[in-house]
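Good morning, and thank you for the time on today's agenda. I would like to take you through one structure, moving from a contact between chains to individual residues.

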Number of protein chains: 4
Amino acid sequence: MPEKLMQPEVWLPDKPEEACGVFGVYSKQADYGASLASYLGLYALQHRGQESAGIVVSDGQQLMTHKGMGLVANVFHKDILDNLQGACAIGHVRYSTTGSSLLANAQPLVARCSKGAMAVAHNGNLVNTEELRLGLENSGSVFQTTTDTEVIINLIARHSQDTLADAVGKAANQLRGSFSLVVMTKDTLIGLRDPSGFRPLCLGRLEQNEAYVIASESCAFSSIGAKFIRDIKPGEMVYMDRHGLQSYQYLSEPVRKAVCIFEYIYFARPDSAIDGLGVHQARKKMGWELAKQFTKAADVVIPVPDTGRSTAIGFAEASGIPFDIGLIKNPYVGRTFIQPTQSMRDLGVRIKLNPVESVLAGKRVVIIDDTIVRGTTSGKIIKMLREAGAKEVHMCVSAPPITHPCYYGIDTSVRKELIASTHEVEEIRQYIGADSLTYLTLAGLARAVEPLSGFCYACFNGDYPVEVPGKVARNKYLFEE
Amino acid sequence: MPEKLMQPEVWLPDKPEEACGVFGVYSKQADYGASLASYLGLYALQHRGQESAGIVVSDGQQLMTHKGMGLVANVFHKDILDNLQGACAIGHVRYSTTGSSLLANAQPLVARCSKGAMAVAHNGNLVNTEELRLGLENSGSVFQTTTDTEVIINLIARHSQDTLADAVGKAANQLRGSFSLVVMTKDTLIGLRDPSGFRPLCLGRLEQNEAYVIASESCAFSSIGAKFIRDIKPGEMVYMDRHGLQSYQYLSEPVRKAVCIFEYIYFARPDSAIDGLGVHQARKKMGWELAKQFTKAADVVIPVPDTGRSTAIGFAEASGIPFDIGLIKNPYVGRTFIQPTQSMRDLGVRIKLNPVESVLAGKRVVIIDDTIVRGTTSGKIIKMLREAGAKEVHMCVSAPPITHPCYYGIDTSVRKELIASTHEVEEIRQYIGADSLTYLTLAGLARAVEPLSGFCYACFNGDYPVEVPGKVARNKYLFEE
Amino acid sequence: MPEKLMQPEVWLPDKPEEACGVFGVYSKQADYGASLASYLGLYALQHRGQESAGIVVSDGQQLMTHKGMGLVANVFHKDILDNLQGACAIGHVRYSTTGSSLLANAQPLVARCSKGAMAVAHNGNLVNTEELRLGLENSGSVFQTTTDTEVIINLIARHSQDTLADAVGKAANQLRGSFSLVVMTKDTLIGLRDPSGFRPLCLGRLEQNEAYVIASESCAFSSIGAKFIRDIKPGEMVYMDRHGLQSYQYLSEPVRKAVCIFEYIYFARPDSAIDGLGVHQARKKMGWELAKQFTKAADVVIPVPDTGRSTAIGFAEASGIPFDIGLIKNPYVGRTFIQPTQSMRDLGVRIKLNPVESVLAGKRVVIIDDTIVRGTTSGKIIKMLREAGAKEVHMCVSAPPITHPCYYGIDTSVRKELIASTHEVEEIRQYIGADSLTYLTLAGLARAVEPLSGFCYACFNGDYPVEVPGKVARNKYLFEE
Amino acid sequence: MPEKLMQPEVWLPDKPEEACGVFGVYSKQADYGASLASYLGLYALQHRGQESAGIVVSDGQQLMTHKGMGLVANVFHKDILDNLQGACAIGHVRYSTTGSSLLANAQPLVARCSKGAMAVAHNGNLVNTEELRLGLENSGSVFQTTTDTEVIINLIARHSQDTLADAVGKAANQLRGSFSLVVMTKDTLIGLRDPSGFRPLCLGRLEQNEAYVIASESCAFSSIGAKFIRDIKPGEMVYMDRHGLQSYQYLSEPVRKAVCIFEYIYFARPDSAIDGLGVHQARKKMGWELAKQFTKAADVVIPVPDTGRSTAIGFAEASGIPFDIGLIKNPYVGRTFIQPTQSMRDLGVRIKLNPVESVLAGKRVVIIDDTIVRGTTSGKIIKMLREAGAKEVHMCVSAPPITHPCYYGIDTSVRKELIASTHEVEEIRQYIGADSLTYLTLAGLARAVEPLSGFCYACFNGDYPVEVPGKVARNKYLFEE
């Protein structure tokens, strides 16, 4: 076998980072395998980001890092974890967006500064990055990546006279946008959620290992046997060291709570609970609400796998229309798929999804999906159902029409042709070829996540909870058109 | 990037090959992209084998091959397919069994012999390989792999005076066991199913491309836009060249039909139909039959994902107990997963499967699985459900107890500790910790696949349709204990 | 790191194999590390082939193989050698020729046949491969590669009633062309040189390890601490097993001895001795002979590194003209070098060779090279020397003009535009721009290798010692033009 | 082929960087291929560093980088260079030292700061890195690597109010130790040599491409067809932009010139000239000086290849003892070589070097080497020569005894057991088993490089030209013992 070489690195301009998963664990037991725990935790959070993965571990003296492009399973193997010995660790999985697949942007970011060695992992998107970066550059800072994370670490480093907690708190006060952070030094672990609470972050406990755990979603706790304690509150910082855990409100001024509703609609895993509300349960209730809106007669309700499944079960329950499997998803179709030729595509090739004819033939079918962005995929699915014999196809969507771009971390660049921003519902129905089209109303969506409130619905109604600097907003629109 | 080197190859003793998927396409249009079609077809058959993948294409003059270890997506990329130009191709995906992951054993196998260049791909397992191989060696044959496929190609080569169809037919008459074959020369494609019909093989048509297609399962046709024509019959050979398609009964003496029932229970994709019966439909009927056997009261029925899903829907339909999602499967956990430490495992880590507490808490739960082999996984799942709050757990299995090893291609070496071969049902129930345990009866299973008959049920009742030479049988038992 | 996948394999038409190195070792001590010894031996023979490398080891029971594309250092690492346990092994390095870089063609070739498991490695080129292959195919043989080696192993396998020694001997009698072979079964090692002795093969002894060693060149013995015993004679087979070593004359009829003179001119390492004559010494004598032919006055003699060095020292000794280093070779320029653009090339880029101006400026320079094939490289070198200030450049070549293609293993496809086959010496001198051009005469060359005789000089005089079937010869010429 | 993933990155503590090669090119022709030129230039400088290679190119708007571990040939391939379009580029090759093979430390380092995007490549070693770094950290800087280069870029970034030339000059004034730098922004190329001139740096010109070139050694100019203009002077900065080239003396106070003599002894390529003196010529003169010191009778003088060759030719010339090749070096033995077992080593395996018996048998041999560090290699070589029949072995070394560690960039950590720092010459002679041992005297060495003066001889006499902070010095000794 060829000599094991580290692969080359490329420096290219980049876009801001998108949805990600963060993880952190701090144990008082020196022999606790924090890197293996992080590995298992990142596995559970893999759905939040498949572009790159990284773990930084501290043995109390120094930090050791391993990062790579691709899935957790590809980036880490046994030898690597064996070399990452320590009882405290943080990890990160990053979302894949075209053109920014750079190892240099993989997280956590590790650096040495006035606080010693420090590692930071970030889920979210700042809206004042450029402004912060220019300020730092003007007073001598140097940047090697295009990530928000490097800006954050530089802000922390500038507070060289403050304690670590104060420095992190002061830095957090300078940030605008969404940020769930984990920060680690050789002997400290910090978890921090932005004042609006855009992205989830929760706290767990591993009693047997005298360990605290922080993760983007509670499903990560199950993967290491930890118990869920509570969600980190918007504007809260939890600080863990050998003296135990302390909680701070780092916030200098109150901010409107604005949890991203899309975590419930399709980001989070159904077995996670966010701010006390189970995701599967919320989706079933979206299905109930959709069923209330739906007025047609139908024979079968089927989900677009996998995210539509919970909603479809709720819909079936509330409507009495039987639930069945009408589409099979090929679990092996991934990012690197080679596309069929146009002439093959014209023949109606069915690679990712394939209909189950016995379920569909001669039936009036309700199909449940989570969103309609450009409408092209919905159109193909409906055509496929009809070819498999469906007599009627009724599309039900578990979210209102998306009409506005997101600046807080959802990759609206792949959602750039938002069909609902320029078309009426009836036009969309015709475009996708459905017999009927039902969008969940904003009121229905709000009911589905009751008793919780304080959500960001900006993509549905343009009510942006954190002000977006004009320039970023302009660029966004520029980019959209 | 380092120079692109072909990776090394290792030669080690091997075990016979197991379940696989085969694909073949023959078009009269010289510019048809047979390799891309094979790629798409193998993608649809990926669930039948994840160890290695290979495609051989003919441009009418010569054969070109690409094979590699791993998933179709990893073995092929665009440049490779671009280099495999031709209108006729065969492909193969191979099942992963420990210790035999050898590139040398990847298929299709390509060789030059008295018939010119020839490629063969095989799904199945011969029981007289060793006997055939020794006979060939004694008259001068040389073997470079341990595969059945190489034996088959040597048998064909020995009939140097016969036509290709006759040579293949004569060779097939010498084989004992299960074999669905695709054979290709520079200008001919042959598909052939063993006389018992153990493994499926079906025929499709791409009218626009003047092409015939052969595949292990009909789901592969959807992926290239082909129409299903019919299943290849047990003992049938279909022969395609520029003159069109011809069908032969190659069989010299009649043989008992014995289609592997496990294709319906868990091998095949739910959207496939085998011998005219839809797999999803058959599984739903297994659920109906199970529901008839089930006598307890319960609040919810949940599947073990993904294979239990169809059966669970059928069970819910027939029993009136509501269907729900009680377990979430992490789709990213693959072969290369690094195991948690024992102390972590003792904490009940939930990596592949995680319960949805809101669905389970306080409920009497029916859980549907396809088989119980050793019982350890079932025990873990039931424990997990109870920890998530399930009040009762009733296990229902969509197959009778497995009491006998398989010699026709199911890898019983990973099923070597068949709990049902040495324990009563009540003992198994106690071992796995269920409140009740219901196995589908053989009669119920037979009803679920009606009106079809002629199945191999040997693993349930020891009635082996094709005689197994004593030595192989002894080895098998030796290996089992 | 990504999952370690074996890399894909490609099947393409191929050309006959070229110059290679073979190695074999047999020890009576069961714990002798034969694979490590083979690794070290192949390292010493690396100059004979850089395309692929392979080792097969026997532990007395079974054969284990590792082969790969590239240099020995890239194909093998510690873990691989650790897994290749056994006291008997053979190895092979293969020459790199464009278009035939196929793992399938890497050697040794391992197969199971009537003699049990057998491994064969071959240095040379048969002229009757196609004829032998067709005969074998007609009686049922199957071929998976395009190598001579597979033909050889099939010939051996056909003699299923004979002892191994007889079978190998009978097979060898069917071969025409050049072949130095090592053959291994689980308990036997055989070394065999063709009747003409085209390629070298020698025998060594490791007394402390009760081991015999066979290698293409004696330099391989030094690398494992073995002592040179003697060269294997043309037409001799040495057979080693637990009873010791036996020598056979396998030849059924006498054949003219025809050792390839190019082994002395540039193939072999200067520290090797072939048939009793040291290669460095022979090259120095070529320099002496050249000096006798050279009639001009000159200030300095410089070699084209690395092969011209020994000859240049001999020339300096005999002529009294001082030896110096006038050209530096960049040792890092390898096969994968990216070529400069034409406009860069026009500027006279000096990548592989760079002149040392202080040695050349104002001097009358004699430059020593081993051969002139197409003349383009010579022309560039002479231009470079003049640009560095050389007043006169006298080219001296340590071989006569090459006028005929080789059929016995030298890759004349890269030598296809043999300038000397169509041009007079004076024309060549003008073409390369030298002030004088001196080719070593055939008589001078013969004197340089005295007291040895019985060489193949076919590429200089067309006197082919082994008849070349018409078809091969025609193809060759076809290919040449 | 598997999906092309960027390989993982590891963060580990590191040692200061060692000898390297730097390259830079600036052309006014927008279509000049600066990355290909850098590739060719780095190829010529590969002997200065084999651990990693990198190129940063500017197209006038933005910088693009490619870096990787390993040789230039492995890090770059055609597609990569094609993507690095631009007329200005810098490149770097890094020396391989155990334990610090980190991609993160590969150069050039690229960052964005107050000067915009900037790339820096550094050959040398600072002695005040830690002091500078702490100062920067205390005022808020963040470090992501352990390289001197990152300190340098941060120093430049701090001068945000100055012009680029002033900022670079002010930063250079803060550095202590050795540094030959190339700095690039989107439209500027800077070359800079430290005030003592420890490491070489020279300026070339490509008239046809309106380009200036900077390189560690002049041999890099030949590889792209550029002409040597002159050496950059100690304390000089050359600044190139669209207005042409300007030279500055950036130095605020005069410093003693101290060119590293080891560049002449063994670092530099023989075809390079440094500060006007050809390296081959200097080595030949070292041979002349050694011959003057040598008083024994001998039959042949041989070099330890490759570095001893020039010196040996000089020795032969001056002494009249004939030059010959007594040792053959295997050019394929590289870094990843698997070591023979101890028992094999006891047999005297000869892997890297092998004697030519015909040259040595019965002879009194003078062997020329460049240095003796620990003496173990010398001992092995002498033993090998005696076993090959040498009657006497006289070792001549082209440098005085090394008695002091280097702080300016020579990796004395691999030279940590300096035999000459604790032993007399006679003791060393006995240890290595030579019949005589002659070290070149410091006076002789000085004569060999005449008419140049102003060298650093610290490793021979402890006279350190740039003060080494106590702590670094202590660490060094600590590390040494």
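In chain D, α4(D) and α5(D) are oblique to each other. Please keep in mind throughout that this is a predicted model. The two helices, α4 with residues 129-138 and α5 with residues 148-158 of chain D, pack at an angle of about 45°, and their axes are 10 Å apart. The crossing of α4(D) and α5(D) is left-handed.

Which residues meet here? From α4(D) come Thr129(D), Leu132(D), Arg133(D) and Leu136(D), and from α5(D) come Asp148(D), Val151(D), Asn154(D) and Leu155(D). Sorted by class, this contact has four nonpolar, two polar and two charged residues.

Let me turn to chain C. Helix α4 (residues 129-138) and helix α5 (residues 148-158) of chain C pack at about 45°, with 10 Å between their axes. This makes α4(C) oblique to α5(C). Again the crossing, of α4(C) past α5(C), is left-handed. On the α4(C) side, Thr129(C), Leu132(C), Arg133(C) and Leu136(C) make the contact, while α5(C) contributes Asp148(C), Val151(C), Asn154(C) and Leu155(C). Four of the residues in this contact are nonpolar, two are polar and two are charged.

I now move to the contact between chains A and B. How many residues does each chain bring? Chain B gives 60 residues and chain A gives 60 residues. On the chain B side, several elements supply at least two residues each, among them α1 (34-44), α9 (279-293) and α10 (308-319). The element that gives the most to this side is α1(B), with five residues. By class, the side of chain B that touches chain A consists of 34 nonpolar, 19 polar and seven charged residues.

Is α9(B) mostly covered or mostly open? It is mostly covered, as 12 of its 15 residues are buried. The buried residues include Val279(B), Arg283(B), Met286(B) and Leu290(B).

Elsewhere in chain B, Ala73(B) lies in helix α2, residues 72-75. Ala73(B) counts as buried because it has 21 C-beta neighbours inside 10 Å. Between the C-alpha atoms of Ala73(B) and Tyr248(B), which are 175 residues apart along the chain, the separation is 35 Å.

Finally, some details of the backbone. The peptide bond from Glu450(B) to Pro451(B) is cis, with omega near 10°. Pro451(B) sits in the loop between α16 (442-448) and β24 (455-456) of chain B. In chain D, Glu450(D) and Pro451(D) are joined by a cis peptide bond, with omega about 10°. Pro451(D) belongs to the loop between α15 (442-448) and β24 (455-456) of chain D.

Two residues other than glycine have positive phi. Glu210(A) has phi near 45° and lies in the loop between β10 (202-206) and β11 (211-215) of chain A. With 14 C-beta neighbours inside 10 Å, Glu210(A) is partly exposed. Asp275(C) has a phi of about 50°, and its loop runs between β16 (273-274) and β17 (277-278) of chain C. Asp275(C) is buried, as 20 other C-beta atoms lie within 10 Å.

Conventions:
Residues are numbered from 1 along each chain as its sequence is written. Chains are lettered from A and ligands numbered from 1 in the order in which they are written. This is a predicted model: local features need pLDDT of at least 70, side-chain atom pairs count only at pLDDT 80 or more; totals for chains, interfaces and linings use all residues. Two residues are in contact if their C-beta atoms, placed from the backbone, lie within 7 Å. Helices (H or I, at least four residues) and strands (E, at least two) are DSSP runs, numbered from the N terminus. Ala, Val, Leu, Ile, Met, Phe, Trp, Tyr, Cys and Pro count as nonpolar, Asp, Glu, Lys and Arg as charged, and the others, Gly among them, as polar. Axes are lines fitted to C-alpha atoms, for helices over the stretch in contact, and angles run from 0 to 180 degrees between N-to-C directions. Angles under 35 degrees count as roughly parallel, over 145 as roughly antiparallel, 65 to 115 as roughly perpendicular and the rest as oblique. A crossing is left-handed if the near helix is turned anticlockwise from the far one by less than a right angle, and right-handed if clockwise.
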